[in-house]
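Thanks for coming, everyone. I have one structure to walk you through this morning, so let me put it on the screen.

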Amino acid sequence: RGGENNEGGYAYYSEEMNRNTLDLLRIETGLLHAFEYNELLLYYQPKVDMATGSITGAEALVRWQHPERGLLLPGEFIPIAEETGLIVQLSDWVLDAVCRQARAWKEAGLAPIRIALNVTAREFTRSLPDRIRAALSRHMLSGDWLELEITESMLMHSTDRVITIMEKVCSLGITISLDDFGTGYSSLSYLKRFPINTLKIDRSFTMGIPEDTNDCAIASAIIGIAKQLRHKVIAEGVETEKQFNFLKDAGCNELQGYIFSRPVPATDFHAMLLEGRRLKIVSEHPSLPLD
Ligand code: C2E
Ligand code: MG
Ligand code: MG
Ligand code: MG
């Protein structure tokens with residue numbers, strides 16, 4: 001990256017530096033500001049049991065309340081955080097913020113409910129179990145409040161090292177999901193070696209259901225693999241009743257998607273839990289008993 005190798009804190013911009021580089025620098029500086037001024041926040045998207053329609057947990061998704069640009073989605077700053085190394089600081093912030101929130105929910109009387117964190121390859125290091133253990137004890141929480149979402153790319157290299165880290169995480173009572181499943185390079189023979197609890201069908205497949213026969217076939221195959229390996233399976237990006245019916249009939253356990261709720265602020269998620277909100281179409285589905 002241009003500008004990075006300049007000494008004395010001066011950045012020298014040459015003509016050929018493109019707009020992207022300037023954007024990158026602007027966002028990098030802005031992110032440092034965001035940490036200092038508490039501009040980051042977490043939204044929570046419920047995960048729902050397809051059989052009962054009730055909430056089983058949530059995924060914590062980071063947002064940036066930018067002073068000029070409004071609420072930014074992770075796609076606009078996570079890649080830059082990764083490129084600049086700020087992802088380490090960001091992940092620490094997310095881990096602490098999730099634990100602080102879970103602690104508040106615990107104090108409010110909620111039974112443990114798993115809040116999932118997204119972990120990138122870069123943070124998946126030997127120190128991760130210790131960082132998580134420290135965060136849990138700092139907030140006096142048990143591991144059954146947390147879940148990690150990792151991607152297939154993490155299963156590709158240094159297998160034994162990765163398995164050791166995952167086993168330490170699991171020994172804290174935390175579960176692990178394989179996010180965006182089917183989009184990466186995944187060797188199915190690797191899959192059985194890792195202590196994974198859940199496969200998460202990527203939204204790109206859910207989107208094509210039921211019209212696209214290939215997407216239907218892939219989703220069904222993933223559900224089949226999950227069953228055979230005795231993993232749970234969740235579909236992300238479920239928006240329509242047709243998608244819901246197909247996935248449910250194919251044996252999918254849970255869903256996450258706009259059909260139930262978009263990602264929402266912590267208070268809204270808490271309110272959903274308190275009112276026992278459920279996915280309504282479940283009870284209208286003929287294969288299920290009405291309550
Ligand atoms: P992801 O982990 O695959 O998260 C699911 C994304 O799909 C979220 O986007 C969510 O808002 C979106 N989504 C869920 N249901 C639906 C639906 O029915 N329709 C549509 N159109 N979209 C749906 P979001 O919040 O923009 O996050 C994007 C990605 O950013 C995440 O993908 C995850 O990879 C990353 N990310 C989010 N928060 C964090 C974080 O705290 N740390 C790290 N390392 N990455 C994060
Ligand atoms: Mg995720
Ligand atoms: Mg995902
Ligand atoms: Mg995805």
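Let me start with a question: is Asp180 buried, partly exposed or exposed? Asp180 is partly exposed, at a relative accessible area of 25%; here buried means under 20% relative accessible area, exposed over 50%, and partly exposed in between, using a 1.4 Å probe and protein chains only.

Some housekeeping before we go on. This is a predicted model, in which local features need pLDDT of at least 70 and side-chain atom pairs count only at pLDDT 80 or more, while totals for chains, interfaces and linings use all residues. Residues are numbered from 1 along each chain as its sequence is written, chains are lettered from A and ligands numbered from 1 in the order in which they are written, and side-chain values use heavy atoms, with hydrogens and water left out.

Back to the metals. Asp180 (OD) and Glu236 (OE) coordinate the magnesium ion (ligand 4) at 2.3 Å. Donors are N, O and S atoms within 2.8 Å of the metal (3.2 Å for Na, K and Ca), and sites may look incomplete because water is not among the atoms. Asp180 sits in strand β6 and Glu236 in strand β8 (residues 232-236), so this pair ties together parts 56 residues apart in sequence. Helices (H or I, at least four residues) and strands (E, at least two) are DSSP runs, numbered from the N terminus. Glu236 counts as buried, at 13% relative accessibility.

Now the magnesium ion (ligand 2): its donors are Glu59 (OE), Asn118 (OD1), Glu149 (OE) and Asp179 (OD), at 2.0 to 2.2 Å. Glu149 belongs to strand β5 (residues 146-151) and Asp179 to strand β6 (residues 175-181), so those two tie together parts 30 residues apart in sequence. Both of them, Glu149 and Asp179, are buried.

And which ions are bridged? Asp179 bridges the magnesium ions ligand 2 and ligand 3, 3.7 Å apart, and Asp180 bridges ligand 4 and ligand 3, 3.0 Å apart.

On to the packing. The largest nonpolar core holds 85 residues, and Ile150 is one of those with the most contacts inside it. Such a core is a set of buried Ala, Val, Leu, Ile, Met, Phe, Trp, Tyr and Cys residues joined through side-chain atoms within 4.5 Å. Beyond four places in sequence, Ile150 has contacts (heavy atoms within 4.5 Å) that include Phe124, Met166 and Asp179.

Last, some backbone details. Ile209 and Pro210 are joined by a cis peptide bond, with omega about 5°. Arg230, though not a glycine, has a positive phi of about 60°, and Arg230 is exposed at 75%.
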